[in-house]
Amino acid sequence: MSTIAENIAKVRTRIREAAQASERDFSAIGLLAVSKTKPATAIREAHACGVVDFGENYLQEALAKQQELTDLPLTWHFIGPIQSNKTKPIAEHFHWVHSVDRLKIAERLSAQRTAGLAPLNVCLQVNVSGEASKSGCAPEELPALAAAVSTLPNLRLRGLMAIPEPTEDRAEQHAAFARLRQLAHSLDLPLDTLSMGMSHDLEAAIAEGATWVRIGTALFGARDYGQPAQQ
């Protein structure tokens, strides 16, 4: 097996074991391969192992890879911060957006979604750790934002996303993910998605109800930031 294939097998084993430990259905937890800074060849290799969902942070880089991989039936997720001037191509070329954190962005995505396409699946990003450097709406702003986004015609509000402050403390990991789960449950909306957990903390995220775990390094290795990212 190639390194990517071996890594995918290891991550799937971790997900399965975490699901079993939490008495959850393994099939209810999606593997979102975070392919930012990785070449299209790596995505092609991962797809050959059965991975179909890929997350990208940098728009121009993602669009180039999409063009190169049009022969594959992939599902594309935008997971990075969204600038207002980038909403149109995101609305046109992605199936999911996990990083909506303000109403202006949601309104633009809805207005610019290509006619004839299914509604764009969106998650609201919440800053559960209160970090000034992190994107995401404040928890107290979430109810109003969720209520407004849920009414937009070309979006389907699926759930919430978070990137908690990194920590190796398992109790702190659980607490951050539990907070996102509790926030989702507090909304009077038919949500089915919690996008949370990465390579270092997927077990805690799954224990707290993650339905997407966003895995990059554990699948593809360390990222190469030697070249400026294409925004």
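Q: Is aspartate 71 buried or exposed?
A: Keep in mind that this is a predicted model. Exposed means over 50% relative accessible area. Aspartate 71 comes in at 52%, so the label for this residue is exposed.

Q: How far apart are the closest N and O atoms in the salt bridge of arginine 181 with glutamate 208?
A: This pair links distant parts of the chain, with arginine 181 in helix H7 (residues 170-186) and glutamate 208 in the loop between helix H8 (202-207) and E8. Arginine 181 is partly exposed at 23%, while glutamate 208 counts as buried at 13%. The closest N and O atoms of the two are apart by 2.5 Å.

Q: Which residues do salt bridges that share partners join into one network?
A: Start with lysine 65 and glutamate 56, whose side chains meet in a salt bridge at 2.9 Å, N to O. Both of these residues are buried. Salt bridges with shared partners make one network out of Glu56, Glu61 and Lys65.

Q: On to the rings: how many aromatic pairs does a search of the whole structure find, and is the pair of phenylalanine 54 and tryptophan 76 stacked, edge-to-face or tilted?
A: The search of the whole structure turns up three aromatic pairs. For phenylalanine 54 and tryptophan 76, the ring centres are 6.3 Å apart and the planes are at 45 degrees. Stacked needs planes under 30 degrees apart and edge-to-face needs over 60. At 45 degrees the pair is therefore tilted.

Q: Which strands hold phenylalanine 54 and tryptophan 76?
A: Both residues are buried, phenylalanine 54 with a relative accessible area of 0% and tryptophan 76 with 7%. The pair ties together parts 22 residues apart in sequence, because phenylalanine 54 and tryptophan 76 lie in strands E2 (residues 53-56) and E3 (residues 75-78).

Q: What kind of pair do the rings of phenylalanine 78 and phenylalanine 94 make?
A: Phenylalanine 78 is in strand E3 and phenylalanine 94 in the loop between helix H4 (87-93) and strand E4 (96-100). Relative accessible area is 2% for phenylalanine 78 and 1% for phenylalanine 94. The ring centres are 5.4 Å apart and the planes are at 80 degrees, so the pair is edge-to-face.

Q: Which ring does the charged end of arginine 16 sit over?
A: The charged end of arginine 16 is 3.9 Å from the ring's centre. The ring belongs to phenylalanine 26.

Q: Last one: in E8, which residue is the bridge partner of leucine 32?
A: Strand E1 (residues 30-34) and E8 run parallel, joined by four bridges. Both faces of strand E8 (residues 212-215) are covered, with Trp212 and Arg214 buried on one side and Val213 and Ile215 buried on the other. The partner of leucine 32 is arginine 214.

Key: Residues are numbered from 1 along each chain as its sequence is written. This is a predicted model: local features need pLDDT of at least 70, side-chain atom pairs count only at pLDDT 80 or more; totals for chains, interfaces and linings use all residues. Side-chain values use heavy atoms; hydrogens and water are left out. Rings of Phe, Tyr and Trp (its six-membered ring) pair if their centres lie within 6.5 Å; planes under 30 degrees apart count as stacked, over 60 as edge-to-face and the rest as tilted. Helices (H or I, at least four residues) and strands (E, at least two) are DSSP runs, numbered from the N terminus. Buried means under 20% relative accessible area, exposed over 50%, partly exposed in between (1.4 Å probe, protein chains only). A charge sits over a ring if NZ of Lys or CZ of Arg is within 6 Å of the ring centre and within 35 degrees of the ring normal. Two strands pair if DSSP finds at least two bridges between them. A salt bridge is a side-chain nitrogen of Lys or Arg within 4 Å of a carboxyl oxygen of Asp or Glu.
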